Amino acid sequence: MMRRSLLLLLLALPLLVSCRGRQGAGMPEALPEPPDAPTPALFEPEFSQQAIPPEVEARMRGKSYPPDAQISLSELRYLRLSYFDFEGRRQTGEMVCNAAIAQDLCEIFQALYEAQYPIRSIRLVDDFDASDDASMAADNTSCFNYRTVPGQRKLSKHARGLAVDVNPLENPYINRSGRVMPPAGEAYVDRTRDFPHKIDREDLCCRLFLAHGFSWGGAWAHSKDYQHFERVK
Ligand SMILES: [Zn+2]
């Protein structure tokens, strides 16, 4: 060790001497380093899938994943998906889905990101206490939620993580009796009108989901669920 330290010192000595020598010879002193210019933080888009991490499981338990859920957590995947929000800012959101569609969702959301397709937010419904009403009212895009179809006892495809709702405020669910969900979606029930974030057959999001083997709730005969895409099994 001693010999190595000595060697380093010997190697460094001429360098120290030469620096001193330059200053001593009347060279202008080096200007102080300019303060770091603000550099925009690099954004790394993510389209990743993994088993449900313990901290995500803790957020889900008792909310989107109730104690009586008839689906194993090992059947689900945690996704991180980047997107452009309505203000055009890059964001990365979280989604839980069935393992069977995880790869499809990564590919669909990557294609949407590359097209800068605007999405209001992508958060777990657990951030809304697993209230579908609250998540829809916040115009949140989401997938897994162990719940029934509103007003029915039948389990929703969301309970298996096989359905995704996109921008639900502008693309509401109108059930057989004409109830609009979320209620503020009433302003967007008339689909003959043109407005931003409307999902129709020409919409990129709709075309991508259909190309990946999903069906679209906007095509249903007896109710309309314009936000909803589900995997047909
Ligand atoms: Zn849905």
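Which residues of the largest nonpolar core touch the most other members? In this predicted model, select Leu 79, Met 95, Val 96, Cys 97, Leu 105, Phe 109 and Phe 209: of the 41 residues in that core, these touch the most other members. To colour the core by element, pick β2 (76–84), β3 (90–98), α3 (99–114), β6, α5 (204–211) and β9, each of which gives two or more residues to it. The largest share, 8 residues, comes from α3.

Next, centre on Phe 209. Leaving aside residues up to four places away in sequence, Phe 209 touches Ile 108, Phe 214, Trp 216 and Phe 229.

Now show the open sheet of 3 strands, in the order β6-β11-β9, with antiparallel pairing. β6 and β9 are the edge strands, each pairing on one side only. Neighbouring strands are turned by 20° against each other on average, direction ignored.

Select β11 (residues 228–231). His 228 and Glu 230 point one way, Phe 229 and Arg 231 point the other way, and all are buried. In a regular strand, side chains alternate between the two faces of the sheet.

Then step to the partners of β11. On one side is β6 (residues 163–165), paired with β11 over 3 bridges in the antiparallel sense; here Val 164 stands opposite Phe 229. β9 (residues 214–216) also pairs with β11 in the antiparallel sense over 3 bridges. Along that pairing, Phe 214 has Arg 231 as its bridge partner, and Ser 215 has Glu 230.

Conventions. Residues are numbered from 1 along each chain as its sequence is written. This is a predicted model: local features need pLDDT of at least 70, side-chain atom pairs count only at pLDDT 80 or more; totals for chains, interfaces and linings use all residues. A residue is buried if 20 or more other C-beta atoms lie within 10 Å of its own, exposed if 12 or fewer, and partly exposed in between; C-beta atoms are placed from the backbone. Helices (H or I, at least four residues) and strands (E, at least two) are DSSP runs, numbered from the N terminus. Two strands pair if DSSP finds at least two bridges between them. A nonpolar core is a set of buried Ala, Val, Leu, Ile, Met, Phe, Trp, Tyr and Cys residues joined through C-beta atoms within 7 Å. Two residues are in contact if their C-beta atoms, placed from the backbone, lie within 7 Å. Axes are lines fitted to C-alpha atoms, for helices over the stretch in contact, and angles run from 0 to 180 degrees between N-to-C directions.
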